[in-house]
Amino acid sequence: MTSTTNLSAGLTAGHRERLMLLAREVSFDTGTRIFEEGRRADRFWIVRTGTVALDLRVPGRRAAVVESLGHGELIGWSWHFPPHVWHLGAEAMSPVRAYEFDAEAVRTMCAGDPELGRAIADWVGRVVAHRLHASRIRLLDLYAPYGSGSRM
């Protein structure tokens with residue numbers, strides 16, 4: 001299933017090609033913490049294979065998983081917005097292969113190509129909106145007396 005948060009639906013072929021010039025292949029073993037909430041966001045990833053869980057710290061409880069990401073999805077959006085600090089945490093739930101991007105290099109590329117910059121900002125904005133909604137629904141399901149009432 002392709003959503004607007006997936007790379008192939010989020011950017012045109014030309015913009016994807018430009019972005020992929022900065023990609024490097026990485027892998028994470030199951031259980032690897034990819035990043036921690038509150039730490040510096042200096043890179044991001046696009047999943048090639050595997051599953052990544054996004055989680056949110058909940059005081060007095062274990063971190064709550066708010067979404068699972070798979071093929072083509074963006075891991076991390078905090079790199080795009082100052083102060084460039086992670087708003088969630090991420091952990092590999094299976095072996096993960098991904099493309100990794102240096103955030104500063106991508107921001108510099110976007111500044112030099114305003115059309116690409118707008119396209120990436122629009123894509124990342126859609127990802128943020130989707131993650132906010134998913135986090136809200138998940139937290140209501142976990143902690144509200146009657147859940148979210150959503151059938152998602």
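The model is predicted, so to speak of local features we need pLDDT of at least 70, and side-chain atom pairs count only at pLDDT 80 or more, while totals for chains, interfaces and linings use all residues. Residues are numbered from 1 along each chain as its sequence is written, and side-chain values use heavy atoms, with hydrogens and water left out.

Start with the layout. The chain has 4 helices and 8 strands, where helices (H or I, at least four residues) and strands (E, at least two) are DSSP runs numbered from the N terminus. Reading from that end, the order is α-α-β-β-β-β-β-β-β-β-α-α. Of the 152 residues, 42% are buried, meaning under 20% relative accessible area with a 1.4 Å probe and protein chains only. Take the contacts (heavy atoms within 4.5 Å) with a separation of 6 or more: 73% of them join residues 24 or more positions apart.

Now look inside. Searching the whole structure turns up 1 cavity of 30 Å³ or more; a cavity is a set of points on a 1 Å grid over the protein atoms alone where a 1.4 Å probe fits but cannot get out, and lining residues have an atom within 4 Å of a point. The largest cavity holds about 40 Å³, a volume being the space filled by probe spheres set on the points, with grid points joined across faces, edges and corners. Its lining consists of Phe-35, Leu-54, Gly-76, Trp-77, Ser-78, Trp-86, His-87, Leu-88 and Arg-131.

Ser-78, one of those lining residues, sits in the loop between β6 (74-75) and β7 (89-92). It is buried, at a relative accessible area of 2%. Beyond its neighbours within four places in sequence, Ser-78 is in contact with Ala-41, His-84, Val-85, Trp-86 and His-87. A polar atom of the Ser-78 side chain lies 3.3 Å from the backbone oxygen of Val-85.

Glu-67 belongs to strand β5 (residues 64-69). Is this glutamate, Glu-67, buried or exposed? Glu-67 is buried, with a relative accessible area of 13%.

Methods: 1 Å grid on protein atoms, 1.4 Å probe; cavity = no way out; pocket = protein on both sides within 12 Å on 5 of 7 lines; lining within 4 Å. Buried < 20%, exposed > 50% of the residue type's maximum accessible area, 1.4 Å probe, protein only. Polar contact = N/O pair within 3.5 Å; in protein donor to acceptor, adjacent residues only side chain to side chain.
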